[in-house]
Amino acid sequence: VCFGGLIIAIVQFIRIMFNYIVSKMKAAENNPAVKVMICCVNCCLACLERFVKFVSKNAYIQCAIHGYSFCKSARTAMSLLLSNIMRLSAVTLVADFLLFLGCLAVTGGCVVIGFCYFTFTAKISAPYIVLALLAVIGFIIAKAFLNVYQTAIDTVFLCFCEDSDHNDGSDSRPYFMSDSL
């Protein structure tokens with residue numbers, strides 16, 4: 001399991017070192033071609049980092065389900081996800097939208113409760129800065145808590161893909177998942 005974290009740390013280290021070297025270069029200040037190239041390399045490194053985090057998260061789920069090594073879990077998870085790419089995109093789209101709505105609902109609730117408190121109880125005439133800070137803190141906390149649900153959604157989806165891959169719903173190989181899935 002530590003191998004996935006090591007890979008992420010190495011990619012982040014490469015990205016940090018690249019940005020440090022760029023900050024020390026004098027040629028990047030005046031040459032637009034160098035600026036574009038630096039921006040492209042930085043974008044590619046950021047995409048690589050996100051991809052490695054995605055693979056690691058799904059590999060950890062496979063490690064928890066089967067107890068495989070990290071590399072075997074990553075390969076199994078990616079083959080399952082690639083064979084169910086349309087389902088993955090649908091589940092990801094709906095889940096991200098609903099979790100974002102959840103974050104907005106929690107943030108809105110925090111702001112409304114804070115506004116009522118500061119207007120009626122604390123008698124503050126202009127609580128807008130405090131409400132903005134309350135909104136930011138509420139969003140961060142909501143995002144942290146809803147990240148647990150995102151992991152649960154990913155785990156259930158991988159279990160669903162695994163069940164669909166190994167079983168066909170017949171009497172000899174019935175699905176383990178419920179019929180509503």
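Buried means under 20% relative accessible area, exposed means over 50%, and partly exposed is in between (1.4 Å probe, protein chains only). The structure above is a predicted model, in which local features need pLDDT of at least 70, side-chain atom pairs count only at pLDDT 80 or more, and totals for chains, interfaces and linings use all residues. Residues are numbered from 1 along each chain as its sequence is written, and side-chain values use heavy atoms, with hydrogens and water left out.

Figure 1. Let us start with the overall picture. Read from the N terminus, the elements follow the order α-α-α-α-α; helices (H or I, at least four residues) and strands (E, at least two) are DSSP runs, numbered from the N terminus. Along the principal axes, the C-alpha atoms occupy a box of roughly 70 × 55 × 30 Å. The radius of gyration of the protein is 23 Å, whereas a compact globule of 181 residues would have one near 16 Å. That radius is taken over C-alpha atoms, and the globule rule is 2.2 Å times the number of residues to the power 0.38. Of the 181 residues, 28% count as buried.

Figure 2. Contact means heavy atoms within 4.5 Å. Among contacts between residues at least 6 apart in sequence, 58% join residues at least 24 apart.

**Figure 3. Helix H1 (residues 2–24) and what it packs against.** How does the span of H1 compare with 1.5 Å a residue? Its 23 residues should span 33 Å, and its end C-alpha atoms are 33 Å apart, so the two agree. The expected span is 1.5 Å times one less than the number of residues in the helix. Gly4, Ile8, Val11 and Val22 are the buried residues of H1, and these pack against helix H2 (32–66) and helix H3 (70–83).

**Figure 4. Ile7, a residue of helix H1.** Ile7 counts as partly exposed, because its relative accessibility is 25%. Not counting residues up to four places away in sequence, Ile7 touches Val52 and Phe70. Between Ile7 and Leu93 there are 27 Å in space, C-alpha to C-alpha, and the two are 86 residues apart in sequence.

**Figure 5. Glu49, a residue of helix H2.** Is Glu49 buried or exposed? Glu49 is buried, because its relative accessible area is 9%. With neighbours within four places in sequence left aside, Glu49 is in contact with Val11, Gln12 and Arg15.

**Figure 6. Gly67, in the loop between H2 and H3.** Gly67 is exposed, because its relative accessible area is 58%. Gly67 and Phe160 are 93 residues apart in sequence, and their C-alpha atoms are 18 Å apart in space.

**Figure 7. Helix H3 and Ser73, found within it.** H3 has 14 residues and reaches 20 Å from its first C-alpha to its last, close to the 20 Å expected at 1.5 Å a residue. The buried residues of H3 are Phe70, Ser73, Ala74, Thr76, Ala77, Met78, Leu80 and Leu81. Their cover includes H1, H2, helix H4 (85–121) and H5. Why does Ser73 count as buried? Ser73 is buried because its relative accessible area is 0%. Leaving aside neighbours within four places in sequence, Ser73 is in contact with Ala59, Gln62, Cys63 and Tyr68.

**Figure 8. Val130, a residue of helix H5 (residues 128–166).** Val130 is partly exposed, because its relative accessible area is 38%. In sequence, Val130 and Ala9 are 121 residues apart; in space, they are 36 Å apart, C-alpha to C-alpha.
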